[in-house]
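Reader: I would like to go through this structure one feature at a time. Please give the general idea first and then the case.

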Amino acid sequence: MKKKVSIKSKTKKTTRSSTLPKRQKSSRTTGREFVDRVLSLFSRNKGAIFNYRQVSQNVGAHTTPEKQLVTRILETLMEEGVLREMERGRYTYNSDSVPSFVGLFDRRRSGFNVFTPEDGSAEVLIAERNSLHAMQGDKVRVQLFARRKGHTREGEVVEVLERKKETFVGRLQVRGDVAFLLTDDRELSNDILLPKGAFEGVKNDDKAIVRITEWPLMGKNPIGRVVRNLGPSGSNNTEMHAILAEFDLPDSYPQEVEDFAQQISAEIPQEEYDQREDFRSVLTFTIDPETAKDFDDALSWRPLEEGKYEVGVHIADVSYYVPQGGIIDKEAYNRATSIYLVDRTIPMLPERLCNDLCSLKPNEERLAYSCIFTLDTQANVLESRIVRTVIESNRRYSYEEAQQIIDTEEGDNVEPILSLHRLAQQLRKRRFSAGAINFQSLEVAFALDEEGRPVDVVQKNHGTANELIEEFMLLANRTVAEQFGKVTSTQKDKTKTFIYRIHDEPNPEKLLLMQDFIVRFGYRTKLVDGKTDVLKGIGKIIEQSVGKPEESLIQMMMVRSMAKAEYSTENVGHYGLAFPYYTHFTSPIRRYPDLMVHRLITHYLSGGKALPQEEYEGYAQHCSNQEQVAAKAERESIKYKQVEYMSSRLGKVFDGVVSHVTEWGLYVELLHSHCEGLLPIRSLDDDYYEYDEKNFMLVGRRYGRKITLGDSIRVRAVRTDLDRRQLTFDWVE
């Protein structure tokens, strides 16, 4: 169905008052609101008896028509069994069989919020006036209204049991003895009032973290206190810290944990040498980004007889230095992942570990967990084993250095690197033949000045040196998952509890939408047949689109149609990689699930019994959630730098492509910088455009012009909003 969108209507400008909430409503009271007020009055005063005059006074019915409406509401509620008439004209709440429930509150923009009970029973609608100022994700207790015939189940929040979020980030607006925190957080509809003494040391326009201390029942604004001043708005450190605080992520490491890490000895005990395989004499090296400091993986290589090779994938043995339940482990678990913003890394582990003791630095003896493979010249795995080792890296390569050796066939260790390159390419070819999806997302990076401001955008190269490392890491991850996930005919007991990296099959409806979308570009491959056929079909489309204008768009739409990868103890395989068994084993410095996998391997190799699955499923879900939160923060830092980069380029004209179509306009991605902004529909002034949701396009009513995903378009940058991280364009004919 087409949605009509007018571009001729004018938007009335409003100015936010420092003493009013963001959203204001008409003072006129509707019949629906009077019903809610009456229900709320009786449910809050169970056992009390009211006549219609008392009810009218309590619900604000002052005019004769309003009082008559209250009388009709009382009679209707009595007929429906919600109220009981104790004597003529006197009513009380019929509380028989009207239970209360505990669950989660889901705030909706429509004003009709949804409560989801913990016991799995049906959802309950909660009108805004009955929400008790509950916020998104709060754990609340809800009292149901007596069921009305023909009406959806409704209720009211009678108690907020646990706030999901108590602190908010925003910009302070100081007005004499009081201040307001102005925040665009969707979970909070009103600005936070800070009374005198609650914002000491904070200046007007500073960004701060504020904790809500109370929210009066009849008050429009919550009351809060500054818990941390982040600094002046616009400062690079301020804005990056604000993004981290917005997602409740840390920006530094607790000093007591850093101090504890400093006390860890760098000396490797003799007993560790005695019980580990010694790879110190085997050629070993790392290949990482030029700026990397935490080297958590290394490769070893040596030729064997009969044209075979031994390849070792060596991973930092973080589990040796971080025992489960210790002070470092607790902090690492809470973080669950390192966070990568545009200009900084917030590590999962203290610097003493991630950049020193656990980092596989050249010419330093290090403890490792290793997958050792014997391969033939066709990259077939003949033998493999998982062992704890002692290694010593001989050389550190950047990706650029390794790529030059591959391209020129010259340089240090040319034979081992070329051998690993050939093996990796055969592994890669075999993987794609099995149906793995070859997503090739374009990555860009910002060149920053000394103050952290972006001055240029550069494209990250992804060559065969990157693929070399990728393929052997994938091989190690798959091998570990297979060893502990497969149940053979000789095994008496079931699979033991393990952490898998899973990627479920895509929703068939999304695949059908994707199939309809790619037809417009001339691709006729079906995406709704068997699993293997679908995977190969997706791979074929991606391969055919390489180098064409629609390449990045098709890949983006493919990613959107896929399920999200996550961690779980329930293995369903990894759809995108076409692996029936897969885990994360190769990055324990920056991912907590990898550290858990190392510990599980140690436990099972030493003869340990299966661990409680429910407990580890909880760990897996926590890590999945933290991974998604970290990814959101990373994206927000990129958006901020994109908007900041474009702030000095306002008025300039750029070429771009339509990356998203909505009823309010087009999102356009610029070709060079890949910055994305909104082209409002009001800017398309050559026609009256309608939104065709099914076909992802805007259609001109008069002239029939169609603007759809992937179309080339020329725009002018006209406005940036750093607080909202938004970029706005005008259309250039």
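**The open sheet and its helices**

Author: In this predicted model, 7 strands make up an open sheet of mixed pairing, ordered S15-S22-S21-S18-S17-S16-S23. Its edge strands, S15 (277-278) and S23 (395-398), each pair on one side only. Strands (E, at least two residues) and helices (H or I, at least four) are DSSP runs numbered from the N terminus, and two strands pair if DSSP finds at least two bridges between them. Local features need pLDDT of at least 70 and side-chain atom pairs count only at pLDDT 80 or more, while totals for chains, interfaces and linings use all residues. Residues are numbered from 1 along each chain as its sequence is written, and side-chain values use heavy atoms, with hydrogens and water left out.

Reader: In which sense do S21 and S22 pair, and over how many bridges?

Author: S21 (residues 365-375) and S22 (residues 381-392) are antiparallel, with 11 bridges. Phe 373 is opposite Ser 384 of S22.

Reader: Which strands does helix H12 touch?

Author: Contact means heavy atoms within 4.5 Å. H12 (residues 464-485) packs on the sheet and touches S16, S17, S18, S21 and S22, its direction making about 90° with that of S17. Such angles run from 0 to 180 degrees between N-to-C directions, with axes fitted to C-alpha atoms, for helices over the stretch in contact.

Reader: How many bridges join S34 and S35?

Author: S34 pairs with S35 (residues 726-731) over 6 bridges, in the antiparallel sense. Asp 721 has Gln 726 of S35 as its bridge partner. Their hairpin has 4 residues between the strands, and Arg 725 there takes a positive phi near 55°.
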